[in-house]
Amino acid sequence: LKYLLTAALVALLIWLIYRRLRPYIQMLRQFISAVRGTIETGTQSELHRDTQNAESKLVRCANCDTWVPQARAFGANSAFYCSRVCLELAAKIRRRKAAS
Ligand SMILES: [Zn+2]
């Protein structure tokens, strides 16, 4: 019975300590999630840098062979066009080819 009482006391003590530490544990969890958030924002900014690289990349217009930044290029069917005019022209040509 003495052992049981000691065990119960120890359990109670652990429970009390846990209760007292719970705000700290929650704070620690928040801190960890905040750190994770920072890491995620870090990777996001890295991704953003990649897209910026892609934006500065030059692509050739499939219709008139003019080199344009990928950000300004009009994309269609994995081909790039310097302007909407070229895009529509190429679409018209393709349609004509399909019709004939
Ligand atoms: Zn063009």
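The following legends describe close-up views of a predicted model of a protein chain with a zinc ion.

**View 1. Overall architecture of the protein chain.** Two helices and four strands make up the secondary structure of the protein chain. Along the sequence these elements are arranged as α-β-β-β-β-α. The protein chain has 100 residues, of which 9% count as buried. Its exposed surface comes to about 8900 Å², with carbon and sulfur atoms supplying 62% of that area. When contacts between residues at least 6 apart in sequence are considered, 8% join residues at least 24 apart.

View 2. The zinc ion has as its protein donors the SG atoms of Cys-61, Cys-64, Cys-82 and Cys-86, which lie 2.2 to 2.3 Å from the metal. The angles among the four donor atoms are 104 to 117°, and the site is tetrahedral. For four tetrahedral donors, the ideal angle at a metal is 109.5 degrees. The structure holds zero disulfides.

View 3. Cys-82, at 22%, is partly exposed. Cys-64 also counts as partly exposed, because its relative accessibility is 36%.

**View 4. The largest nonpolar core.** Six residues form the largest nonpolar core, namely Cys-61, Ala-79, Tyr-81, Cys-86, Leu-87 and Ala-90. Strand S4 (79-81) and helix H2 (84-99) each contribute at least two residues to this core. The greatest contribution comes from H2, with three residues. Two members of the core, Cys-61 and Cys-86, are also donors of the zinc ion.

**View 5. Surroundings of Ala-90.** Ala-90 is one of the residues of the largest nonpolar core. Leaving aside residues up to four places away in sequence, Ala-90 touches Asn-63 and Tyr-81. Tyr-81 is itself a member of that core.

**View 6. Asp-65 in the loop between strands S1 and S2.** Asp-65 is located in the loop that joins strand S1 (58-60) to strand S2 (67-69). Although Asp-65 is not a glycine, its phi is positive, at about 60°. Asp-65 counts as partly exposed because its relative accessibility is 45%. The C-alpha atoms of Asp-65 and Phe-80 are 9.7 Å apart in space, while the two residues are 15 residues apart in sequence.

Notes. Residues numbered from 1 in each chain as written. Predicted model: local features only at pLDDT ≥ 70, side-chain atom pairs only at ≥ 80, totals over all residues. Heavy atoms only, no water. Disulfide = S-S within 2.5 Å. Buried < 20%, exposed > 50% of the residue type's maximum accessible area, 1.4 Å probe, protein only. Donors = N, O, S within 2.8 Å, 3.2 Å for Na, K, Ca; no water. Tetrahedral: all angles 85-135°; square planar, octahedral: opposite > 155°, others 65-115°. Core = buried A, V, L, I, M, F, W, Y, C linked by side-chain atoms within 4.5 Å. Contact = heavy atoms within 4.5 Å. Areas by Shrake-Rupley, 256 points an atom, 1.4 Å probe, with all protein chains shown as cover.
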